[in-house]
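Here are a few notes to read alongside the model. Have it open while you go through the points.

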Number of protein chains: 2
Amino acid sequence: MDKFSLFDEKWTPKIVGELNDQYVKLCKLKDNFIWHSHEHEDELFMVFKGTLYIDFRDNKSIEINEGEMLIVPKGVEHRPRTNGELVLNLLFEPKTTKHTGQVDSDLTVKKLDWI
Amino acid sequence: MDKFSLFDEKWTPKIVGELNDQYVKLCKLKDNFIWHSHEHEDELFMVFKGTLYIDFRDNKSIEINEGEMLIVPKGVEHRPRTNGELVLNLLFEPKTTKHTGQVDSDLTVKKLDWI
């Protein structure tokens, strides 16, 4: 996970691996992301540092601590969020996954870089 | 990764998650596994504790330390191995992946359990 030191942007996943039409991505997270869902793709979050919260539309929020993971099923609207701290997170998801799913926002990254 | 405490068997992957027709598995490794390959599946190894060695047929061996990962492409024969120590490893691979690929051995586990 040394590759986390290669970039500083928040909410901008970097691709570090590819297998079976899936990408492994690293992402630095801080504060709130936007609400979105991925119509066809399940998404795995795995936290390497800090605490990540995933909010759901039923007012439930799931806390993911270091060494824990969560899979958000396709079609489920969610909002990743941190409590002001920097969180180091890994994503596993299909190559077809769009950054902000069905939503287009200022935060949307359309072309992800490999590191 | 607390789920590593739920089992003791070596070289017996336990399923902890499913997404996009892939499984996330945890496995405890010690000493040598057998040479094998997976004809149709790339396989990701991610080490949470210890040092894992993956041997290849060209006499090369790749060392994977804690917090590092390696993807073995489909069709590439490989042998996971540890230097006598217990290694905690995560696997990410398609649900179709057979434990020992094209090889059937005493170590082959045909039905994996969820934990």
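1. A word you'll need: a residue counts as buried when its relative accessible area is under 20%, and as exposed when that is over 50%. Keep in mind that this is a predicted model.

2. Start with Lys28(A). With a relative accessible area of 8%, Lys28(A) is buried. Its salt-bridge partner is Asp8(A), with the closest N and O atoms 3.7 Å apart. Lys28(A) sits in strand β2 of chain A and Asp8(A) in the segment before β1, so the pair ties together parts 20 residues apart in sequence. Asp8(A) itself is exposed, at 58% relative accessibility.

3. Now look at Asp113(A) and Lys14(A), whose side chains meet in a salt bridge (3.8 Å, N to O). Asp113(A) belongs to the segment after β8 and Lys14(A) to strand β1 of chain A, 99 residues apart. Lys14(A) is buried at 6%, while Asp113(A) is partly exposed at 40%. Both also join Glu9(A) in a network of salt bridges.

4. Arg81(A) and Asp55(A) pair up too, at 2.8 Å from N to O. Asp55(A) is buried, at 6%.

5. How many salt bridges are there between chain A and chain B? Zero, though the count over all chains comes to 19. Across that interface there are four residue pairs in polar contact. On chain A's side, β3(A) gives the largest share, four residues. That side divides into 11 nonpolar, five polar and four charged residues.

Key. Residues are numbered from 1 along each chain as its sequence is written. Chains are lettered from A and ligands numbered from 1 in the order in which they are written. This is a predicted model: local features need pLDDT of at least 70, side-chain atom pairs count only at pLDDT 80 or more; totals for chains, interfaces and linings use all residues. Side-chain values use heavy atoms; hydrogens and water are left out. A salt bridge is a side-chain nitrogen of Lys or Arg within 4 Å of a carboxyl oxygen of Asp or Glu. A polar contact is a pair of N or O atoms within 3.5 Å; within protein, one must be able to donate a hydrogen and the other to accept it, and residues adjacent in sequence count only if both atoms are side-chain atoms. Helices (H or I, at least four residues) and strands (E, at least two) are DSSP runs, numbered from the N terminus. Ala, Val, Leu, Ile, Met, Phe, Trp, Tyr, Cys and Pro count as nonpolar, Asp, Glu, Lys and Arg as charged, and the others, Gly among them, as polar. Buried means under 20% relative accessible area, exposed over 50%, partly exposed in between (1.4 Å probe, protein chains only).
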